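Please read these points with the model open beside you. They go from single elements to the whole chain.

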Amino acid sequence: MARFSQNWYASIVQGKNNTNSSEAIFSKVPVMPWIHHRLHPLLVRIFLRLGLSKSLKEGERVFSSNERIDHVVLVTKGVTARAIGSTKGDSPAIALSTPGHLAAGNLNFFSGRPAAGHYFAITNAEVAYVPRNILAGLAKQDSFINELLQVQFELASLSDRVGFCCLSLLSTEDKLKALTSTWALNFGTMVFDREGRKMIRMPVPLTRKYQVLVTNCSSVWLDKVLHKWIREKNWERDGEFVLVNPELLEPYYHWLRGCMDEACLLYTSPSPRD
């Protein structure tokens, strides 16, 4: 079981200002793999007011195996996963939902079809469930809420698409750079280390077990990559936090920009250092 301190849990609630602003879904915050954009504050208030809160333990499902996915679910504490793959022994490919992000219910919101995948907590977590029909009713009554929901669901789909692209095309090291870049965008801050180098300080991105599942690599390869980064002074563990050299992430970030259409380049930063 992942035993993180309250300090670690608090660090992923706060996040970064540029991903937590009211206009983040309409702004220059790029679409990243495995963690989609934070929910607009208006939608968060709706979920907190109308939603049914529930606490989950690590490994517990957001929906039971025979339960229809007819709620939209917001994470308020901890981390949940959305997974594609068998639940009967095979290792699924997972993406992450941290506080302020949707855990489930966006994929089949408009169609009402059975959702592809399954959803579960990967740390102790707290979530809020809002029935699909209530949100749909609000969307019919309020054009702005309808727009917000459509934009959020589209950004979630784009994030998953980028994630599958990473799994298909990148090496193990570059997939770990992709995960690190996503985590840094959401939870990193710029600091200077003891040698005066500009570094990204962020909470450690979960445990090895879940880093392996997100990047779909073996634990052996993950260890090789991390040991290489440590030797090269690009990765330094500090308890439940880590310092990462932003220059390490530049090649992945340029690859990501190259995957986007030309118009998208107007909405991305030129470098992880920015």
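1. A strand here is a DSSP run of E with at least two residues, and strands are numbered from the N terminus. By that rule alanine 121 lies in strand β6, which covers residues 118–121. The model is a predicted one.

2. Start with alanine 121. Is alanine 121 buried or exposed? Its relative accessibility is 0%. Buried means under 20%, so alanine 121 counts as buried.

3. Which residues does alanine 121 touch, leaving aside those up to four places away in sequence? There is a run of them: Leu56, Lys57, Glu58, Gly59 and Glu60 are among the residues in contact. Val79 and Thr80 also touch alanine 121. Serine 55 and alanine 121 are 66 residues apart in sequence, yet their C-alpha atoms are 9.6 Å apart in space.

4. Next, the helices. Two packed helices are described by the angle between their axes and the distance between the axes.

5. Take α3 and α4 to begin with. Helix α3 spans residues 41–50, and helix α4 spans residues 132–141. Their axes come within 12 Å and cross at roughly 135°. An angle between 115 and 145 degrees is neither roughly perpendicular nor roughly antiparallel, so α3 and α4 are oblique to each other. The crossing is right-handed.

6. What meets what between α3 and α4? On the α3 side, the residues are Ile46, Phe47 and Leu50. On the α4 side, they are Ile134, Leu135 and Leu138. The contact holds six nonpolar residues, with no polar and no charged ones.

7. Helix α3 also packs against helix α5, residues 143–169. The axes come within 10 Å and cross at roughly 100°. The range 65 to 115 degrees counts as roughly perpendicular, and α3 and α5 are therefore roughly perpendicular to each other.

8. The α3 side of this second contact consists of Leu42, Leu43 and Ile46. The α5 side brings Phe144, Ile145, Leu148, Leu149 and Gln152. By class, the contact has seven nonpolar residues, one polar and no charged. Note Ile46: this α3 residue meets α5, and Ile46 also meets α4.

9. Stay on α5 for glutamate 154, which is found in that helix. The relative accessible area of glutamate 154 is 52%. Exposed means over 50%, so glutamate 154 is exposed. How far apart are the C-alpha atoms of glutamate 154 and histidine 36? They are separated by 9.7 Å, although the two residues are 118 residues apart along the chain.

10. Asparagine 106 sits in the loop between β5 (102–104) and β6. With a relative accessible area of 13%, asparagine 106 is buried. Beyond residues up to four places away in sequence, asparagine 106 touches Phe153 and Ala156.

11. Now check two backbone angles. Leucine 206 has a phi near 65°, a positive value in a residue other than glycine. Leucine 206 is in the loop between β9 (198–203) and α7 (208–215). Its relative accessible area is 5%, so leucine 206 is buried.

12. Asparagine 216 also has a positive phi, near 55°, and is a residue other than glycine. Where is asparagine 216? The residue is in the loop between α7 and α8 (219–231). Asparagine 216 is partly exposed, with a relative accessible area of 46%.

13. The angle between α7 and α8 is about 105°, and their axes are 10 Å apart. α7 and α8 are therefore roughly perpendicular to each other.

14. In this contact, Arg208, Gln211 and Val212 of α7 meet Ser219, Leu222, Asp223 and Leu226 of α8. The residues divide into three nonpolar, two polar and two charged.

15. Finally, the whole chain. How many helices and strands does the secondary structure come to? There are nine helices and eleven strands. The chain has 274 residues, and 49% of them count as buried. Among contacts with a separation of 6 or more, 74% join residues 24 or more positions apart.

Note on methods: Residues are numbered from 1 along each chain as its sequence is written. This is a predicted model: local features need pLDDT of at least 70, side-chain atom pairs count only at pLDDT 80 or more; totals for chains, interfaces and linings use all residues. Side-chain values use heavy atoms; hydrogens and water are left out. Axes are lines fitted to C-alpha atoms, for helices over the stretch in contact, and angles run from 0 to 180 degrees between N-to-C directions. Helices (H or I, at least four residues) and strands (E, at least two) are DSSP runs, numbered from the N terminus. Angles under 35 degrees count as roughly parallel, over 145 as roughly antiparallel, 65 to 115 as roughly perpendicular and the rest as oblique. A crossing is left-handed if the near helix is turned anticlockwise from the far one by less than a right angle, and right-handed if clockwise. Contact means heavy atoms within 4.5 Å. Ala, Val, Leu, Ile, Met, Phe, Trp, Tyr, Cys and Pro count as nonpolar, Asp, Glu, Lys and Arg as charged, and the others, Gly among them, as polar. Buried means under 20% relative accessible area, exposed over 50%, partly exposed in between (1.4 Å probe, protein chains only).
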